[in-house]
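This report describes selected local features of one protein model. Please consult the sequence and the structure shown below while reading.

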Amino acid sequence: MHSTILATFFEISRTVVSTSSAGILLFLIALWAAKTDIARAGGLDKFVVFSNLCFAIPLAVFGAEHLSAARFIMLNVPSYMPWRLFWAYFVGFALLSASLSIATKIQARWSGLLFGIMMFLFVAMVHIPRVLASPGDRFAWTIVIREMSFAGGGWILAGNAMHGPGKSKLITVGRVLIAIAAIFFSVEHFLHPAACPGVPLEKLMPAWIPGRLLIGYLTGAILLVAGASILLARKTRMAATYLGTWIVLLVLFIYGPILIVQMSDPSTAVKVEGINYFADTLLFAGAILALASATLRAD
């Protein structure tokens, strides 16, 4: 009995260590790769040049999570698929490879394209069946919209690295998916302003965060205005820049302190939850900033 508990503790704790280490390492790699762009950028464009960094770090975190907790991750693989453990490891290595590619901008068109396809397959094979099983579950719908915005971000990165007729099509599809997500999330914020901002899921903002409802309503308003502008392709770059910057600030000043508090909790599950919420919201910010980066200033 005690040996089983001890083995479980070390396995899950390894997930916390590996995800944190992967995120920090990719942060350093992406920061080094973007140093020239950061030095040249001014104003809010400083945030725009962090688009690849914001996108790559979460992929490294999730990749490490897949590899270190594969036997837990495999439970999410549809039961009709053979070699469920293999697919958990395969996705882990794919995410780590994509994170390095996007961070360094080496073959980013392929990593972005394939990541977007993978997210689309996750939605079709895993999340849509859950929505159909519980159509009244708003969180299931939120996850579908969130995952499709991630796919859109990958396609935007791919399109921005391409030359040719496919470039604009990929960016357009990504733009529409991000706009839909922003508008959907804005409605959720107005209905449930106490939820953690950005991507509104089950977790509520802790009581120690001042002005929780104000943050929720303000985030909803920014999401609505920016989402409508992006959907209509009016001032897309400006709207995506402001929205992406706001989500990054939420990651730093809301999810950052939450992560610190949860990392000090003795429960490994609480630690992993804090890491996942931080990384998910940062990935959403990366997708939005990728749209800003891919949109011409003339827009």
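Is Cys-54 buried or exposed?

## Cysteines

Cys-54 counts as buried because its relative accessibility is 5%; buried means under 20% relative accessible area, exposed over 50% and partly exposed in between, with a 1.4 Å probe and protein chains only. Cys-196 is also buried, at a relative accessible area of 0%.

A disulfide is a covalent bond between the sulfur atoms of two cysteines. The structure holds 0 disulfides, a disulfide being counted as a pair of cysteine sulfur atoms within 2.5 Å. For Cys-54, the closest cysteine sulfur is that of Cys-196, and the 18 Å to it is too far for a bond. Cys-196 likewise takes part in no disulfide, the nearest cysteine sulfur being that of Cys-54.

## Basis of the model

The model is predicted: local features need pLDDT of at least 70, side-chain atom pairs count only at pLDDT 80 or more, and totals for chains, interfaces and linings use all residues. Residues are numbered from 1 along each chain as its sequence is written, and side-chain values use heavy atoms, with hydrogens and water left out.

## Ala-33

Ala-33 belongs to helix α1, which covers residues 2–33; helices are DSSP runs of H or I with at least four residues, numbered from the N terminus. With a relative accessibility of 32%, Ala-33 counts as partly exposed.

Leaving aside residues up to four places away in sequence, Ala-33 touches Ala-103 and Thr-104, where contact means heavy atoms within 4.5 Å. Between Ala-33 and Leu-170 there are 137 residues of sequence separation and 24 Å in space, C-alpha to C-alpha.

## Helix α10

Helix α10 comprises 20 residues (212–231) and reaches 28 Å from its first C-alpha to its last, close to the expected 28 Å; the expected span is 1.5 Å times one less than the number of residues. Ala-233, with a positive phi near 60 degrees, follows α10.

Among the buried residues of α10 are Ile-215, Leu-223 and Ile-230, together with Gly-216, Gly-220 and Gly-227. The cover over these buried residues includes α9 (166–191), α11 (236–263) and α12 (268–294).

## Packing of α11 and α12

The axes of α11 and α12 are 8 Å apart, and the two helices pack at an angle of about 165 degrees. Axes are lines fitted to C-alpha atoms, for helices over the stretch in contact, and angles run from 0 to 180 degrees between N-to-C directions. The two helices α11 and α12 are therefore roughly antiparallel, a term for angles over 145 degrees.

Methods:
Angles under 35 degrees count as roughly parallel, over 145 as roughly antiparallel, 65 to 115 as roughly perpendicular and the rest as oblique.
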